[in-house]
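Visitor: I am new to this structure. Could you walk me through it, and tell me how each conclusion is reached?

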Amino acid sequence: MENNHGGYGVSLYLAVRAIRRGNRSTLALTILIIALVMVLMNFMGMIISGVVTLYNDQMINYQYGHVAIEPRDKEIVIADADALVKRLKQIPGIIGVSAHTGTAVTITNIKTGKFQSKSLTAFNPEDEQSATKYQMVITDGDYLSKGDTGQILIGTLLAGNEDESQDKMPSLGGIKVGDRVEVAYSNGVVKTYRVKGIYESLGVLIDSSAFVTRNEMDSIMHSEDTATEILVRGASADDAPALKYTIMSYGVEEKVKTWNEKGKGIMGDAISSFNLIKNIMTFVSLIVASVVVFIVTYINIINRKKQIGILKAIGIRKQIIVGSYLIQVLFQCVCGILVGILMLNAISFVLTVNKLRFPMGYITPVVDYSNLAVSIVLLCIVSLVSGYIPARQVVNEEILDAMRG
Amino acid sequence: MSMIEVADLKKIYLLGNVEVAALREVSLSIQKGEFVGIMGPSGSGKSTLLHQLGLLDTPTGGHILIDGTDVAQLDDEARTRFRLLHLGYVFQDYALVSELTVMENVAIPAIMQGKPLAECYVAATRVLEKVGLGKRLDHLVFELSGGEQQRVSIARALVNTPSIVFADEPCANLDTENSRTVLELFRAVNCELGQTIVMVSHEPWHMEYFDRIIFIRDGVIDEKRIEREG
């Protein structure tokens, strides 16, 4: 080791030996505390990211696909929808396309007389399987088939319970597969349907909907070759913006929106609120971290006050001594961060295997790496500042005062 | 030739609002190569004097010239550097760094000078062999007896071959046998290397080792020269 007259190599020399031969219990405790602060700073973010991911997945898998095509301005429906669906299916990168036709209806439970005004959506069941995941969340009965008429698919929240107190929102009062419901269309047609299947996605808006086949809807509303919305599924959620521009480049003149653009508004506000809570948690955790690191470093330095006096007496510069403590603090901080990351991954693994059930669905915690990077940088800065202040304070004491301990 | 020249040195401590004069206009001169003892009763100001001479404390007034340098003119950084390069210290309680081995404790002042580590360890080993601890290099200091720890402290004071070694009651915690070993070590260093040694003691039998004794009482010097036999 070459030192240029008391260079920081001496700080490293002293720090390495203090770490190797110092009190292991204190070192382990300090590392554990920093690790727990690291977990505290990121755990809430993990859960919130999990919630946001769940919301996003629900939007993609049940409501909008990756890209949603809407009628042009001042138009209510997409005309020539079948041709557009055909064209869309030929665009590279598109995995599934499904045209939706929605209309306002009143659905009545024939058995109890309970009714709800809802939007009834029609789709081609085969197309829908490539664009959404309703067929995977059927909890009772069966999914719709292409030729089905007189059959309806109902969400679990709309179906409801016989005991109203168990309902999360107004329902039809306990519809089961095989029951009959009466649907009153806006054009005056009233038709009775057999409930073919009940699905449950755990999304509140999603599970309070109902579906029939396009053939069924066309026969009543004469909506042939039109759609109120076309859902498009691509390779991944991240590629949605690129997919949107690809679709537009193919001359589609309808409004093309990504799932993210569609999800703004209420969902955007909810996510912003979650992020605000996350930032407050991070800020509070940082204050806790700085106080803890300050106290631990302060106690550590006070306990070694005499040694600092000795080092000053034999001619070691203040900066070298402070530097040695900063290296020790940085070492503790880095170890704490690494242990914290291990703990976060362990928590994430446990909660991935044993998923947390939230009201909107099962949450898989997601490690937010940008948040993790920010917390690492902030924790390092806070540790260095919290280490510097007491170290500087003690090295500025008179040599003889410090040597008295 | 004077190694240390002190003129009108004063040190006043403030205890609340009360001023306590620990040194009252002390003037003295110590020659290069002298082994000087500072003696006096408890609370007489002998340690205070040593601390001012060794730049471990700042005097209230007066001048200290060490090897021609007016140390009062030095700022904190320069005083630190001056201590490192020109002065060595041996303290009553050994003042060793517990997390360093015997060799590292001795080598650290040399490392601070910017010398290559290997060279510092060679120098430390050499001086530790001189004080009889050549076989304890890799021990931690708490593994040594009090007498051995004090010899490590002496080795650390000598490793940079300073012009002056200050020793503040280095035998206070040692038995007679170990005290004699330490004093003989100082005597040998003083004779072989010609280093100036200033040592505080309150043991009358230590007087036989000193070239000269500076007696101090109530912060005032009562000087008396002792000629070494032979």
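**Reading chain B**

Visitor: How do you know that the span of helix α4 of chain B agrees with its number of residues?
Guide: This is a predicted model, so the check is made on predicted atoms. Helix α4 of chain B covers residues 117-130, which is 14 residues. At 1.5 Å a residue it should span 20 Å. Its end C-alpha atoms lie 20 Å apart, so the two values agree.

Visitor: Which residues of α4(B) are buried?
Guide: They are C120(B), A123(B), A124(B), V127(B) and L128(B). The word buried requires 20 or more other C-beta atoms within 10 Å of the residue's own.

Visitor: Why say that the buried residues of α4(B) line one face?
Guide: Look down the helix axis. The buried residues of α4(B) fall within an arc of 130°, so they line one face of the helix.

Visitor: What do those buried residues pack against?
Guide: They pack against α3 and α5 of chain B, where α5 is residues 146-158. After α4(B) comes G132(B), with a positive phi near 85°.

Visitor: What makes the radius of gyration of chain B agree with a compact globule?
Guide: A compact globule with 230 residues would have a radius of gyration near 17 Å. Chain B has 17 Å, so it agrees. Its C-alpha atoms fill a box of roughly 50 × 40 × 40 Å along the principal axes. Buried residues make up 48% of the 230 residues in chain B.

Visitor: What is the secondary structure of chain B?
Guide: Chain B has six helices and 10 strands. Take its contacts between residues at least 6 apart in sequence: 68% of these join residues at least 24 apart.

Visitor: How many residues does each chain bring to the contact between A and B?
Guide: Chain B gives 22 residues and chain A gives 23 residues. On the side of chain B, α2 (76-86) and α3 (102-112) are the elements that give two or more residues. That side divides into 12 nonpolar, four polar and six charged residues.

Visitor: What confidence does the predictor give chain B?
Guide: The mean pLDDT of chain B is 90, and 97% of its residues reach 70 or more. The model scores ipTM 0.89 and pTM 0.75.

Visitor: Where does pLDDT stay under 50 in chain B?
Guide: That happens over residues 225-230 of chain B. For these residues the model has six contacts beyond four places in sequence.

Terms used:
Residues are numbered from 1 along each chain as its sequence is written. Chains are lettered from A and ligands numbered from 1 in the order in which they are written. This is a predicted model: local features need pLDDT of at least 70, side-chain atom pairs count only at pLDDT 80 or more; totals for chains, interfaces and linings use all residues. Two residues are in contact if their C-beta atoms, placed from the backbone, lie within 7 Å. Helices (H or I, at least four residues) and strands (E, at least two) are DSSP runs, numbered from the N terminus. Ala, Val, Leu, Ile, Met, Phe, Trp, Tyr, Cys and Pro count as nonpolar, Asp, Glu, Lys and Arg as charged, and the others, Gly among them, as polar. pLDDT is the predictor's confidence in each residue, from 0 to 100. The expected span of a helix is 1.5 Å times one less than its number of residues. A residue is buried if 20 or more other C-beta atoms lie within 10 Å of its own, exposed if 12 or fewer, and partly exposed in between; C-beta atoms are placed from the backbone. The arc is that of the directions from the helix axis to the C-beta atoms. The radius of gyration is taken over C-alpha atoms; the globule rule is 2.2 Å times the number of residues to the power 0.38.
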